Amino acid sequence: MMEVKPIVIEDRTVIGITVQLPKTSLIAIATDRGYIMCGALDVALLNERLKERGIIAARATGVRSIDDLLEAPLESVTFEAEMLGIVPGMKGRDALLLM
């Protein structure tokens with residue numbers, strides 16, 4: 001099953017996506033410029049092999065819901081996200097506002 005829903009953060013609307021898979025879920029929240037995602041996101045791949053794409057993204061681990069992802073501290077971020085002031089330890093909600 002897949003769920004897509006709008007989420008309002010302050011004056012912005014972002015899109016929450018949950019994909020239920022056997023024994024796990026993929027959870028992401030996207031803006032028009034970038035996204036945050038659960039531990040399945042490979043930040044090293046984005047920074048190294050896909051660097052030329054300039055992807056703005058961040059990863060939080062141990063999350064089980066959209067609400068968890070909004071409140072969790074980010075574990076890692078892409079180089080492009082760092083250039084916007086998004087850093088590890090920042091809450092997902094705060095990172096989305098910078099994207």
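Reader: Ground rules before we start?

Author: This is a predicted model, where local features need pLDDT of at least 70, side-chain atom pairs count only at pLDDT 80 or more, and totals for chains, interfaces and linings use all residues. Residues are numbered from 1 along each chain as its sequence is written, and side-chain values use heavy atoms, with hydrogens and water left out.

Reader: Strands, then. How do E1 and E2 pair?

Author: Antiparallel, over eight bridges. E1 covers 2-9 and E2 covers 12-21. Helices (H or I, at least four residues) and strands (E, at least two) are DSSP runs, numbered from the N terminus. Two strands pair if DSSP finds at least two bridges between them.

Reader: Which residue in E2 stands opposite Glu3?

Author: Thr18.

Reader: What about the turn between E1 and E2?

Author: E1 and E2 form a hairpin with two residues between them. Glu10 sits in that loop. Its phi is near 55°, a positive value in a residue other than glycine.

Reader: Is Glu10 buried or exposed?

Author: Exposed, because its relative accessibility is 66%. The cut-offs are under 20% relative accessible area for buried, over 50% for exposed, and partly exposed in between (1.4 Å probe, protein chains only).

Reader: Next hairpin. How many bridges join E2 and E3?

Author: Seven, in the antiparallel sense. One of the bridge pairs is Gly16 with Ile29 in E3. Two residues separate the strands of this hairpin, and Lys23 in the turn has a positive phi of about 65°. Lys23 counts as exposed, because its relative accessibility is 90%.

Reader: Switch to the core. Which residues touch the most other members?

Author: Ile29, Ile36, Leu74 and Ile86, in the largest nonpolar core, which has 30 residues. E1, E3 (24-30), E4 (34-37), H1, E5 (56-59), H2 (66-71) and H4 (92-98) each supply at least two residues of this core. A nonpolar core is a set of buried Ala, Val, Leu, Ile, Met, Phe, Trp, Tyr and Cys residues joined through side-chain atoms within 4.5 Å.

Reader: Why would they group like that?

Author: In soluble globular proteins, nonpolar side chains tend to be buried together.

Reader: What does Ile86 touch?

Author: Leu74, Val77, Ala81, Ala95, Leu98 and Met99, not counting residues up to four places away in sequence. Contact means heavy atoms within 4.5 Å.

Reader: And Met90? Where is it?

Author: Met90 is in the loop between H3 (79-82) and H4. Met90 counts as buried, because its relative accessibility is 18%. Leaving aside neighbours within four places in sequence, its contacts include Leu74, Ala95 and Leu98.

Reader: What does its side chain reach?

Author: A polar atom of the Asn47 side chain lies 2.8 Å from the backbone nitrogen of Phe79. Beyond four places in sequence, Asn47 touches Val77, Thr78 and Phe79.

Reader: Last one. Which side chain does Ser76 make a polar contact with?

Author: Glu75, at 2.9 Å. A polar contact is a pair of N or O atoms within 3.5 Å; within protein, one must be able to donate a hydrogen and the other to accept it, and residues adjacent in sequence count only if both atoms are side-chain atoms. Ser76 is in strand E6, residues 76-77. Ser76 is buried, with a relative accessible area of 16%.
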